[in-house]
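Work through the exercises below with the sequence and the structure open. Each task is followed by a solution in steps.

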Amino acid sequence: MTKRKRRVLSIVLVMVLSISMGLSANATSISDAEEKAAELEEQKKKAEADKASLTDQINAIAVKASETQEKLNTKAAEIDEAQNKLVEAKLVETKQYDDMKLRIKYMYESGESQFLEILMKSENMADFISNAEYVQEVSSYDRGMLTEYQNTVKKVEAQEVALQSEYDEITVMQEELAAKHDEVQALLDDSNTKLADIESEIGDNAETLEKLKQEAANVAANASSGSGTFTPGGGNVVSGNGYFTNPCPSAYISSEFGPRSLDGRTYHYGRDYAAGEGTPTYAAAAGTVIMAGWAGTAGNWVVIDHGNGLVTKYMHHSAVCVSAGQSVAKGQQIGRVGNTGHSFGAHLHFQVEKNGSPVDPRGYL
Ligand SMILES: [Zn+2]
């Protein structure tokens with residue numbers, strides 16, 4: 001098999017593995033999650049802009065409310081002052097009225113009393129002043145003073161009414177501001193809730209994305225280990241005194257070289273070392289790696305040329321850590337036990353060939 005063909009085959013294998021292990025499905029989910037993340041960030045930006053605008057509105061309302069409260073306080077003080085003035089004016093007016101009535105009564109007590117009777121029958125001050133117009137004896141001074149005081153009372157009363165009306169207007173404005181404040185505050189609360197929801201969704205989505213990426217990375221790692229290379233750690237492992245060292249010392253022999261015991265017609269050209277997947281395998285002797293990688297039924301395999309017509313083959317690796325053309329020392333790790341190719345259960349098939357014919361490995365160990 002040419003190198004190009006092997007590469008094509010290994011690419012096909014990775015694709016098959018990827019599809020079967022759900023890499024493509026995950027890739028779609030990852031792009032979905034990434035798209036969703038971008039969308040959520042957009043939503044978050046919008047929600048933050050809404051929140052900022054509402055916060056500005058709330059602050060403006062608060063400033064206006066405090067200005068209105070100040071106006072209200074000023075107006076309340078003006079009303080207090082007007083009320084006091086009104087009381088003062090009423091007191092002066094009443095005193096003036098009483099003084100005048102007393103004076104007129106005294107002036108006319110001994111004389112004709114018809115005018116006095118008319119005056120004394122007056123029901124109120126306005127009536128009195130009106131009646132006094134026809135009484136020459138009531139001094140123009142008294143009449144002037146009374147009218148002036150009456151006017152003062154009227155003026156102060158009118159001023160108080162105007163102030164009270166302004167106060168009521170400001171109170172309404174303050175109530176409207178409070179209602180507006182509540183309204184905007186409710187919107188701001190909604191905005192905060194929405195923003196918190198979006199942020200929580202962003203967190204969840206990021207978690208999902210991270211998980212999907214981790215899964216995809218694991219799948220990719222598995223796929224790449226399926227294609228069969230890794231960097232080994234540790235030194236050479238040599239056991240026994242034979243020409244070959246044991247290629248998999250921690251395994252047990254599940255099948256020897258020779259005719260299959262259960263099937264006399266087939267012949268087993270190697271020795272099977274059963275071991276857990278990932279158990280290290282070692283070069284039986286020093287030599288040159290002539291094949292390393294994927295090969296149909298052999299799975300991930302390594303073939304080493306030891307010279308003098310002696311070749312060893314190592315099959316079914318989960319991964320190999322040598323490459324063709326490389327020299328290896330006796331006991332140098334070449335791969336990990338696996339279950340690739342025509343294999344049923346993790347094991348290393350170790351085959352020895354002398355001048356192209358399989359021989360019993362036991363003769364060299
Ligand atoms: Zn075998």
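A residue is called buried when its relative accessible area is under 20%, exposed when over 50%, and partly exposed in between. The model is a predicted one.

**Exercise 1. Is Glu93 buried or exposed, and which residues is Glu93 in contact with beyond its neighbours within four places in sequence?**

Step 1. Glu93 is part of helix H2, which spans residues 23-108.

Step 2. Apply the cut-off. The relative accessibility of Glu93 is 10%, so Glu93 counts as buried.

Step 3. List the contacts. With neighbours within four places in sequence set aside, Glu93 is in contact with Met125, Leu146, Tyr149, Gln150 and Val153.

**Exercise 2. Which residues of helix H4 are buried, and why do they lie on the same side of H4?**

Step 1. Pick out the buried positions. In H4 (residues 125-132) these are Met125, Phe128, Ile129, Asn131 and Ala132.

Step 2. Look along the axis. These residues lie on the same side of H4 because they cover an arc of only 165° around the axis.

Step 3. Recall the helix geometry. An α-helix has 3.6 residues a turn, so residues three or four places apart point the same way.

**Exercise 3. Which residues of the largest nonpolar core touch the most other members, and which elements give two or more residues to this core?**

Step 1. Find the centre of contacts. The core has 21 residues, and those that touch the most other members are Val302, Ile304, Tyr314 and Phe350.

Step 2. Assign the core to elements. Strands E7 (299-307), E8 (310-317) and E12 each give two or more residues to this core. The largest share, three residues, is that of E12.

Step 3. Check for a further core. Another core, of nine residues, lies apart from the largest one, and its members include Met125, Ile129, Ala132 and Leu146. Met125 and Leu146 are also among the contacts of Glu93.

**Exercise 4. How is E7 paired, and how many of its residues are buried?**

Step 1. Count the covered positions. Seven of the nine residues of E7 are buried.

Step 2. Take the partner E6 (residues 287-295). E6 and E7 are antiparallel and share seven bridges, and one of the bridge pairs is Ala295 with Gly299.

Step 3. Take the partner E8. E7 and E8 also run antiparallel, joined by six bridges, with Ile304 opposite Thr312.

Step 4. Examine the turn. Two residues separate E7 and E8 in a hairpin, and Asn308 in the turn has a positive phi of about 55°.

**Exercise 5. What is the order of strands in the open sheet of three strands, and which are the edge strands?**

Step 1. Pair E5 with E11. E5 (residues 280-282) and E11 (residues 333-336) are antiparallel over three bridges, and Pro280 faces Arg336.

Step 2. Pair E9 with E11. E9 (residues 319-320) is antiparallel to E11 over two bridges, with Ala319 bridged to Arg336.

Step 3. Write the order. The open sheet reads E5-E11-E9. E5 and E9 are the edge strands, since each pairs on one side only.

**Exercise 6. Which residues are the protein donors of the zinc ion, and how are they spaced in sequence?**

Step 1. Identify the donors. They are His268 (NE2), Asp272 (OD) and His349 (ND1), at 1.9 to 2.1 Å from the zinc ion.

Step 2. Write the spacing. The donor residues follow the pattern H-x3-D-x76-H. Asp272 in strand E4 (residues 271-274) and His349 in strand E12 (residues 347-354) are 77 residues apart, and the pair links distant parts of the chain.

Step 3. Check burial. Asp272 and His349 are both buried.

**Exercise 7. What is the geometry of the aromatic pair of Phe244 and Phe350, and which parts does the pair tie together?**

Step 1. Count the pairs. There are seven aromatic pairs.

Step 2. Classify this one. Phe244 and Phe350 are edge-to-face, with 6.1 Å centre to centre and 70° between the planes.

Step 3. Trace the chain. Phe244 is in the loop between helix H5 (140-227) and strand E1 (252-255) and Phe350 is in E12, so the pair ties together parts 106 residues apart in sequence.

Step 4. Check burial. Phe244 is buried at 1% relative accessible area, and Phe350 is buried at 0%.

Step 5. Extend to the cluster. Ring pairs link Tyr243, Phe244, Tyr273, Tyr314, Phe350 and Tyr364.

Technical notes:
Residues numbered from 1 in each chain as written. Predicted model: local features only at pLDDT ≥ 70, side-chain atom pairs only at ≥ 80, totals over all residues. Heavy atoms only, no water. Pairing = 2+ DSSP bridges. Helix = DSSP H or I, 4+ residues; strand = E, 2+ residues; numbered from the N terminus. Donors = N, O, S within 2.8 Å, 3.2 Å for Na, K, Ca; no water. Buried < 20%, exposed > 50% of the residue type's maximum accessible area, 1.4 Å probe, protein only. Arc of directions from axis to C-beta. Core = buried A, V, L, I, M, F, W, Y, C linked by side-chain atoms within 4.5 Å. Phe/Tyr/Trp six-rings, centres within 6.5 Å; stacked < 30°, edge-to-face > 60°. Contact = heavy atoms within 4.5 Å.
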